Amino acid sequence: MCRLFGLHAGSQAVRATFWLLDAPDSLADQSRREPDGAGIGTFDGDGTAHVAKQPLAAWEDHAFAREARVLKSTTFLAHVRYASTGAHTMVNTHPFEQDGRLFAHNGAFGDLERLDERLAEFVVADLVEGQTDSERLFALITAEIRRADGDVGEGITRAISWIAAELPVFSLNLILTTASDLWAVRYPETHELHILERLPSRSDEAAPLDARSSRIRAHSKEASRAGHVLIATEPMDDNSGWSALPSGALVHVNADLAVTVSHPFPGTPAHPLTLADLSPSAAASQKP
């Protein structure tokens with residue numbers, strides 16, 4: 001199953017030597033199990049989005065390793081791909097960038113032809129460069145943000161609500177970032193998504209962030225001092241502060257690390273899918 005990781009460190013850019021190269025549970029290690037691509041999204045000091053990704057397992061990608069050691073940002077977005085839709089190519093590898101925002105998705109849904117019609121209606125079909133359901137979902141969100149005069153939360157709500165009503169849905173879990181804000185969705189209850197809020201440290205001797213799992217590891221002393229909010233597919237350490245987001249949750253984290261959780265989506269999709277409804281390859285990609 002694809003893995004999502006988002007980190008917001010507030011207004012101070014930090015370095016996170018992450019998802020990671022040296023640890024037993026590093027991204028490089030886990031990419032041997034989710035081998036269809038890996039990517040990291042960050043923002044430069046002027047807010048320009050930066051994406052380092054390859055349609056390769058991270059352990060095979062030397063450029064990815066170099067980027068992971070030096071990147072610095074206020075927000076981070078990482079994704080490890082187990083493909084369900086689309087070939088193993090650069091354009092199908094997460095994160096995606098549109099209108100200066102970054103996006104990654106974990107899940108699957110159907111009737112992409114109907115969604116393509118919707119994108120054509122909104123004149124955003126040109127935003128989709130690859131074949132994935134994920135990039136199409138992002139394009140719909142981008143279209144709705146534009147229609148909502150730049151209100152990202154409203155755009156996400158409109159897009160997810162339309163898909164929940166009109167298309168067969170297995171999972172729509174996602175993270176969307178800008179340089180100053182992070183949004184995440186867990187919908188419906190198919191896949192878990194977790195949040196951890198860590199307060200800034202008052203001590204220069206603070207223990208570094210050292211979050212790990214069998215899937216992704218992040219390590220950053222700077223992030224620990226600054227305080228941060230983590231969003232991840234699973235709890236990444238034994239910190240008791242991790243909590244599972246409820247189904248239907250929309251999370252917003254702003255530059256002050258204030259966290260708002262709302263529940264704007266219908267309780268269940270109108271046309272829910274199960275693993276048995278998916279193709280064998282898609283079903284394999286969605287198993288925990």
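This is a predicted model: local features need pLDDT of at least 70, side-chain atom pairs count only at pLDDT 80 or more; totals for chains, interfaces and linings use all residues.

Student: OK, and helix 4 itself, how many residues has it got?

Tutor: Helix 4 runs over residues 133-147, so to speak a stretch of 15 residues. From its first C-alpha to its last it reaches 21 Å, close to the 21 Å expected at 1.5 Å a residue.

Student: How many of those 15 residues are buried?

Tutor: 13 of the 15 residues of helix 4 are buried, so the helix is largely enclosed by the rest of the structure.

Student: Is Val 128 buried or exposed?

Tutor: Val 128 is buried, because its relative accessible area is 17% and the cut-off for buried is under 20%.

Student: What does Val 128 touch?

Tutor: Leaving out residues up to four places away in sequence, Val 128 touches Leu 119, Glu 135, Arg 136 and Ala 139. Take Ala 139: Val 128 and Ala 139 are 11 residues apart in sequence, with their C-alpha atoms 6.7 Å apart in space.

Student: Switching to helix 5. What caps its N-terminal end?

Tutor: Asp 151 does: one of its side-chain oxygens lies 3.3 Å from the backbone nitrogen of Gly 153.

Student: And what span should helix 5 have?

Tutor: Helix 5 (residues 152-166) has 15 residues, which at 1.5 Å a residue should span 21 Å, and its end C-alpha atoms are 21 Å apart, so the two agree.

Student: Which residues in helix 5 are buried?

Tutor: Among them are Val 152, Ile 156, Ile 160, Trp 162 and Ile 163. Gly 153 and Gly 155 are buried as well.

Student: What does Ala 165 touch, then?

Tutor: Not counting residues up to four places away in sequence, Ala 165 touches Ala 270 and His 271. Ala 270 is 105 residues away along the chain, yet the C-alpha atoms of Ala 165 and Ala 270 are separated by 5.2 Å.

Student: Zooming out, how many helices and strands are there?

Tutor: The protein has seven helices and 18 strands. Of its 288 residues, 55% count as buried.

Note on methods:
Residues are numbered from 1 along each chain as its sequence is written. Side-chain values use heavy atoms; hydrogens and water are left out. Helices (H or I, at least four residues) and strands (E, at least two) are DSSP runs, numbered from the N terminus. The expected span of a helix is 1.5 Å times one less than its number of residues. Buried means under 20% relative accessible area, exposed over 50%, partly exposed in between (1.4 Å probe, protein chains only). A polar contact is a pair of N or O atoms within 3.5 Å; within protein, one must be able to donate a hydrogen and the other to accept it, and residues adjacent in sequence count only if both atoms are side-chain atoms. Contact means heavy atoms within 4.5 Å.
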